[in-house]
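Hi everyone, thanks for making time this morning. Let me put the sequence and the structure up on the screen, and then we can walk through it together.

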Amino acid sequence: MSTVRVLVGTRKGAFILTSDERRTDWQVSGPHFAGWEIYHLKGSPLNPNRIYASQSSGWFGQIVQRSDDGGQTWAPVGKDFVYEGVPGTHQWYDGTQHPWEFKRVWLLEPSLLDPDTVYAGVEDAALFRSTDSGQSWQELPGLRSAHGHLWQPGAGGMCLHTVVQDPGDPQRLYVAISAAGAFRTDDGGVTWQPINRGLKSEWELPDPNAEVGHCVHSIAMHPARPGVLFMQKHWDVMRSDNAGDEWYEVSGNLPSDFGFPIAVHAHEPETIYVVPIKSDSEHYPPEGKLRVYRSRTGGNAWEALTVGLPQTDCYVNVLRSALAVDTLPSCGVYFGTTGGQVYASADSGDSWAPIVRDLPPVLSVEVQVLS
Amino acid sequence: MIRVVLPHHLRTLAGVRKEVELEVAEPVTQAALLDALEARYPALRGTIRDSVSGQRCSLVRFFACGQDWSHEPADAPLPAAVAAGAEPFMVVGAMAGG
């Protein structure tokens, strides 16, 4: 029987939740790194017991931890994230230029191809790569050459929060940055191009042809259809059928198309999930009803998934890295809230139950299925 | 031996339970003390001072013999009582928040 391991990053530590494949009886381990902010944990798809964690503190800075035994023990690895060359400047909130300054690691994305390679998405936005299991980090500076001087921080900072790897093309990667947009490399990270055509951000970006400056919140891809991308933007749920060259809106009948995460069903490339949030000013579900929305048509037609989720007086948020799916035959869906709940569905979202209810605010959720 | 008191989170990170004792060559300065601390506990590198510039992290403070040493030059000799091990050098996380 398989084991499911859910890796949860929170404002005050990491938690590891495990269950057998029935996903009804969960064991909770943690807090690991108690009291520290854990922005993200993720395991290697090639070596699942190798897990990376981004640990940070407003007092003591950035730490990166690695476990080689599935999260039972951890050791700090490299934490020197030094921008290549003269870092230069980017656009500040008031339109002036501001020096690039490292603040924290938002995302650790282990490679699909090499168990010793891992990517780190950082704030101020840049992409780093380690080929020695996190001991040392090198920037892929070509990314910031893609109009980096025009990038600007979103309300949460100027963070590179999403890395998507094309499983069929080792040279192709996608990243997303708030508030710069989406970018693609076709040469393994040497050169990058903005892929934001079709995104509309009228209030923030009056120029409809702006190449960068879009506040992309998350991107998801199904591995069987690597040219099809789904995006939750600040406002709007978007889709691209040509690897990001052009995007079109698929918000359809959502009660709000503002939100943070987006995910694709493990076995149905046209089934996608979002969690609508009322607005950019009110970061909680519309009408106080916590609803995951599922589209089985790749967008536009959405159904509310409510069974087992609070439908009155719920005012939590679900952050961009806090939604994930497992790969079991009946696809599991998981999300964490800023209220400290982690909800799980073992039936593709038809019904939900909390695994835990009272963790610190949840920053990220990732899932592993172990044979 | 020089005695160093670390804040809770750095004790956890370094894997120590109480104050740390270090050999530091004369003259005992803040910089020499932190060099020795980071050499013994590499996980602490970058958590107290910037690993490139050496500048103290903005929400970290240093105290010794009842005095705030946070703004003293890194190469200034520390008090004789610290150098003799009679008093600890204290690394403190600044009060912040509401």
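Let me start with a question: which residues are linked with A:E268 in a network of salt bridges? The partners are A:R294, A:R296, A:E303 and A:D350, which together with A:E268 make up that network.

Before going further, a word on conventions. This is a predicted model, where local features need pLDDT of at least 70, side-chain atom pairs count only at pLDDT 80 or more, and totals for chains, interfaces and linings use all residues. Residues are numbered from 1 along each chain as its sequence is written, chains are lettered from A and ligands numbered from 1 in the order in which they are written, and side-chain values use heavy atoms, with hydrogens and water left out.

Let me stay with charges for a moment. Side chains of opposite charge can pair when their charged atoms come close. A salt bridge here is a side-chain nitrogen of Lys or Arg within 4 Å of a carboxyl oxygen of Asp or Glu. Over all chains, the structure holds 30 salt bridges.

One of them joins A:E270 to A:R225, with the closest N and O atoms 2.7 Å apart. This pair links distant parts of the chain: A:E270 lies in the loop between β22 (262-264) and β23, A:R225 in the loop between β18 (216-221) and β19 (229-233), all in chain A and 45 residues apart. On accessibility, buried means under 20% relative accessible area, exposed means over 50%, and partly exposed is in between, with a 1.4 Å probe and protein chains only. A:E270 is partly exposed at 22%, and A:R225 is also partly exposed, at 31%.

Now look at A:R144, please. Its side chain meets that of A:E139 in a salt bridge, at 2.6 Å from N to O, and both A:R144 and A:E139 are buried. The charged end of A:R144 also sits over the ring of A:W100, 4.8 Å from the ring centre. The rule for that asks for NZ of Lys or CZ of Arg within 6 Å of the ring centre and within 35 degrees of the ring normal.

That brings me to the rings. How many aromatic pairs does the structure hold over all chains? The count is 17. Rings of Phe, Tyr and Trp (its six-membered ring) pair if their centres lie within 6.5 Å; planes under 30 degrees apart count as stacked, over 60 as edge-to-face and the rest as tilted.

A:F81 and A:F102 are a stacked pair, at 5.3 Å centre to centre and 10 degrees between the planes. They sit 21 residues apart, with A:F81 in the loop between β7 and β8 (89-91) of chain A and A:F102 in the loop between β9 (97-99) and β10 (104-110) of chain A. A:F81 is buried at 7% relative accessibility, whereas A:F102 is partly exposed at 26%.

Next, the sheets. Helices (H or I, at least four residues) and strands (E, at least two) are DSSP runs, numbered from the N terminus, and two strands pair if DSSP finds at least two bridges between them.

In chain A, 4 strands form an open antiparallel sheet in the order β4-β5-β6-β7. Strands β4 (37-43) and β7 (75-76) of chain A each have a single partner strand, so one side of each is left without a neighbour in the sheet. Strand β6 (residues 61-67) pairs with β7 in chain A over 2 bridges, and A:R66 stands opposite A:A75 in β7(A). A:R66 also forms a salt bridge with A:D68, at 3.0 Å from N to O. Is A:R66 buried or exposed? A:R66 counts as buried, at 16% relative accessibility, while A:D68 is partly exposed at 41%.

Chain B has an open sheet of 5 strands in the order β2-β1-β5-β3-β4, with mixed pairing. Its edge strands are β2 (20-22) and β4 (67-68) of chain B.

Last stop: where the chains meet. The contact (heavy atoms within 4.5 Å) takes 12 residues from chain A and 17 residues from chain B. The area buried between them is about 1,100 Å², with carbon and sulfur atoms giving 62%; buried area is the accessible area (1.4 Å probe) that two parts lose on being put together, summed over both. A:W59, A:F60 and A:K79 supply 57% of the area that chain A buries against chain B, more than any other three residues. The rule finds 1 salt bridge across this interface, and B:R45 and A:D80 meet in a salt bridge at 3.1 Å, N to O.
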